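Me: I have a structure open and would like to learn how to read it. Where do we start?

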Amino acid sequence: MKVGLIGIGTVGGGTYKVLTENAKEILKKTGISIDIARVADKNLALAKKVVGDENKITDDAFDIVNDKEIDLVIELIGGTGIAKELVETALANKKHVVTANKALIAMHGEELVELAEKNKVILAYEASVAGGIPIIKAIREGLAANQIEWIAGIINGTTNYILSEMRENNLTFDVALKQAQELGYAEADPTFDVEGVDAAHKVTIMASIAFGIPVNFEGAYVEGISQLQQKDIAYAEELGYRIKLLAITKAHSDAVEIRVHPTLIPEKRLVANVNGPMNAVLVKGNMVGPTLYYGAGAGAEPTASAVVADVIDIVRQCKHGHGAMIPTLGFTKENIKKKKLLTIEEVESEFYLRLSMKNKTGLLANITNIFADKGVSIDAMVHKEIQDNNLDPDIFLVTSKVKEQTINEIISKIESLPENKDKIIKIRIEELNK
Ligand code: HSE
């Protein structure tokens, strides 16, 4: 099997290492040797450093996707610009494609799957979600007998690292982000990590293979961690919760929700204790119940582990003369159907709210009446003791489960009270127990 590798950066370098250092192990499992015939990167010096043999390297990736000798292309440059053109050309030239490119699959998955099917080649994307965790395989194959009910995951290593460092080591957001970048977890544009876009790409892909819906990134609700305050991490902890950037997708009878946002999770849940750059994905199947997958979600070798597993899969299938044996998106083509995607206002959650109010006799009564009028129960409430140098209290509370639209109405009513000093902080809660 002749492989062309496009991109020799963090994941590309890792992939080269796994394919060469584990070549014997891979051969024992496939019976066919995998030859990295060509490597493309704009940075020829870097490519030469990794690959050694100058004859194998090129700075024009189109040399690879148009090379008649190449059977399989590994695309590791990312993004939806040139990467899309390269993947399209490779598929049109009847080459199998392995990619770690979540943005590409989340935004153009439908058309690329169709192109792969038309050309009878395989498009594989395990590394695009949760790095080294074989979550695509788990949902699409291991749990194929189940109707998936929901998925909730910590699927961005950068933000999980930042939140862990802010909580455990009192680091500021900026310092923790810089460290995550230095460690090679972050995207080329780290706003994709910090603002939840990377996690939204990944959960969009999981929603599609879990529920048999077209990949629809536009329908996802996305909120990142850049506005999160250290104070709320500490207050959440007082209530028995940790704050994580959670990616959630749930099936309803006639609709699906796809959302990414900071979320309070009970600290006793295993997933609440996933720290640093590690990822974890909880998948609830109707027969198996909840299942949990944990591992490195970013970094060179973990991500390369998933890339190479896809290569091995393709080699095995080709050896037996098959095209794709498993539908790329899990469901047969005629069973992939659009479903309504809930807007965030339609989604039901419990909420953590933090209020900044001027102290006044009767203040709490006024606040609780607003909740009661809307039929929303307050499950926990903390009123910080008034200190001499701070005459106004911090008040934070947890509500019962309610539609977000109702909570927004409550928030505007409280914010229009004369005692209100600042915007109310609202963070969604997921109990992850049903
Ligand atoms: N930037 C991503 C993360 C890399 O931090 O998880 C893996 O997709």
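Reply: This is a predicted model. Start with burial: a residue counts as buried when its relative accessible area is under 20%.

Me: Which residues of helix 15 are buried?

Reply: In helix 15, the buried residues are Glu404, Thr406, Ile407, Ile410, Ile411 and Ile414. Viewed down the helix axis, these residues fall within an arc of 155°, so they line one face of helix 15.

Me: What covers the buried residues of helix 15?

Reply: The cover includes strand 14 (348-356), helix 14 (363-373), strand 16 (394-399), strand 17 (402-403) and strand 18 (425-429).

Me: How many residues does helix 15 have, and how far does it reach?

Reply: Helix 15 spans residues 404-415, which makes 12 residues. From first C-alpha to last it reaches 16 Å, close to the 16 Å expected at 1.5 Å a residue.

Me: Next, strand pairing. Do strand 14 and strand 18 pair in the parallel or the antiparallel sense?

Reply: To read a pairing, look for the bridges and the sense of the two strands. Strand 14 and strand 18 are antiparallel, with 5 bridges. Within strand 18, Ile427 is the bridge partner of Tyr352.

Me: Last, a loop residue. Is Asp67 buried or exposed?

Reply: Asp67 lies in the loop between helix 4 (61-65) and strand 4 (72-75). Its relative accessible area is 15%, so Asp67 is buried. Leaving aside residues up to four places away in sequence, Asp67 touches Arg38 and Lys95.

How values were computed
Residues are numbered from 1 along each chain as its sequence is written. This is a predicted model: local features need pLDDT of at least 70, side-chain atom pairs count only at pLDDT 80 or more; totals for chains, interfaces and linings use all residues. Side-chain values use heavy atoms; hydrogens and water are left out. Helices (H or I, at least four residues) and strands (E, at least two) are DSSP runs, numbered from the N terminus. The expected span of a helix is 1.5 Å times one less than its number of residues. Buried means under 20% relative accessible area, exposed over 50%, partly exposed in between (1.4 Å probe, protein chains only). The arc is that of the directions from the helix axis to the C-beta atoms. Contact means heavy atoms within 4.5 Å. Two strands pair if DSSP finds at least two bridges between them.
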